[in-house]
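The sequence and the structure come first, and the description follows.

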Amino acid sequence: MKKLLVIALAFATFAAEAQMVPPIERTALAAPAPTIEAASTPIRLTEKEEKALDIVRQWRKNPDKPRRSGDGTVMYLYGATLPTLICTPLQVCAIRLQAGEVVNDVHAGDSARWRITPSMIGNGPSAIINVIVKPTDSGLTTNLIITTDRRSYTVLLKSARIEWMPAIAFDYPDEQERTWANYRAGQGRATYASTLPSGENVAALDFRFSMGGDNPKWKPQRVYTDGVKTYIQFPSSHFADEAPALVTIGKGGSLWSGPATQLVNYRLIGDRYVVDQVIDRAALVSGVGGEQVKVTIDYTGGNAK
């Protein structure tokens, strides 16, 4: 009887100790559940791939600092570093794009917990798109890619409990270069429009000449003066055997003869006759007799100097 009592007491003691073991200890010997880290096989990077990642790390950590605009917007230099937008669940933030820029696509790394919507300011070519960002919780981190008709943006998004940034925008170094290029192109067009192929500035020339008479294929395109010389520009510098002679026409004359004419000294430079005086009345004459062709030139700006 005493032996049975000892066995029963020992069994009761063992059962009580088994109940006192915490659940986590009772399962300590069970096989651990596989985790993502344990189940994943580390990838091996080549030297080229590691160099590429190093370049990305340097870009993300570029010390180029943002600046503040007049309305409190945080301005990043586009392309210099990875811009960060810090939001909070109870506020909305904005990514302000360049005026006239059109959004093609928006891709968020975590579209479930970040609300991304467009908002437009103004209309037409000067309209500004704001990409509105709002997190559903704090402590979130993801990235956002915005592609437009001009460029692609990559923005790091973080959500804080209290602190937040109302808006970020960008300074565009390529836009400054484009502005200067457009300015130089405009200057070039203005110079081209106001400069003859010979290099003379149109603003300093007097084109008040009229032409009459016949209409040969060598008839001048224009006649002008710079106040010292007269220039007669032809369609081409190739006259073959039709190069006309230049004569001045006097104001006299009678019933039996026309005004007196006199040969003028001139030089053929390219497609122009250059006369060392300002002519008042002149004629270009080619051929003789009934085959003669004449083009008259008259200065209409008053008395020639």
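## Confidence and numbering

For which residues does pLDDT stay under 50? The stretch is residues 20-39, for which the model has 2 contacts beyond four places in sequence. Here pLDDT is the predictor's confidence in each residue, from 0 to 100, and contact means heavy atoms within 4.5 Å. The average pLDDT of the protein is 81, and 78% of the residues score at least 70.

This is a predicted model, in which local features need pLDDT of at least 70 and side-chain atom pairs count only at pLDDT 80 or more, while totals for chains, interfaces and linings use all residues. Residues are numbered from 1 along each chain as its sequence is written, and side-chain values use heavy atoms, with hydrogens and water left out.

## Overall make-up

The protein has 5 helices and 19 strands. These are DSSP runs numbered from the N terminus, with helices (H or I) of at least four residues and strands (E) of at least two. Among contacts in the protein with a separation of 6 or more, 58% are between residues 24 or more positions apart.

Of the 305 residues, 27% count as buried. Buried means under 20% relative accessible area, exposed means over 50%, and partly exposed lies in between (1.4 Å probe, protein chains only). The accessible surface comes to about 20700 Å², and carbon and sulfur atoms hold 57% of that area. Accessible areas come from the Shrake-Rupley method with a 1.4 Å probe; for residues, only the protein chains shown count as cover.

## Two nonpolar cores

A nonpolar core is a set of buried Ala, Val, Leu, Ile, Met, Phe, Trp, Tyr and Cys residues joined through side-chain atoms within 4.5 Å. The largest one has 20 residues, and those with the most contacts inside it are Leu-85, Ile-95, Val-133, Ile-168 and Phe-170. At least two residues of this core come from each of strands E3 (84-87), E4 (93-96), E7 (128-135), E8 (141-148), E9 (152-159) and E10 (167-171). Beyond four places in sequence, Ile-95 touches a set of residues including Leu-85, Val-133, Leu-144, Val-155, Ile-168 and Phe-170.

A second, separate core has 16 residues, including Val-223, Phe-239, Leu-246 and Ile-279.

Leu-284 is found in strand E18 and counts as buried, at 0% relative accessibility. Apart from neighbours within four places in sequence, Leu-284 is in contact with Ala-245 and others, among them Trp-218, Phe-234, Leu-246, Tyr-273 and Val-295.

Val-106 lies in strand E5 (residues 103-108) and is partly exposed, at 35% relative accessibility. Leaving aside neighbours within four places in sequence, Val-106 contacts Ile-116, Leu-144, Ile-145 and Ile-146. Val-106 and Ile-145 are 39 residues apart in sequence, with 5.8 Å between their C-alpha atoms.

## Salt bridges

Side chains of opposite charge can pair when their charged atoms come close. A salt bridge is counted where a side-chain nitrogen of Lys or Arg is within 4 Å of a carboxyl oxygen of Asp or Glu. The whole structure contains 9 salt bridges. In one of them, the closest N and O atoms of Arg-96 and Asp-71 are 3.0 Å apart. Arg-96 lies in strand E4 and Asp-71 in the loop between strand E1 (67-68) and strand E2 (74-77), so the pair ties together parts that are 25 residues apart in sequence. Arg-96 is partly exposed, at 23% relative accessibility, whereas Asp-71 is exposed, at 53%.

Arg-281 forms a salt bridge with Asp-298, with 3.2 Å between the closest N and O atoms. Because Arg-281 lies in strand E18 (residues 281-286) and Asp-298 in strand E19 (residues 293-299), this pair joins parts that are 17 residues apart in sequence. Asp-110 and Arg-113 form another salt bridge, at 2.8 Å between the closest N and O atoms. Asp-110 is buried, with a relative accessible area of 15%, and Arg-113 is partly exposed, at 43%.
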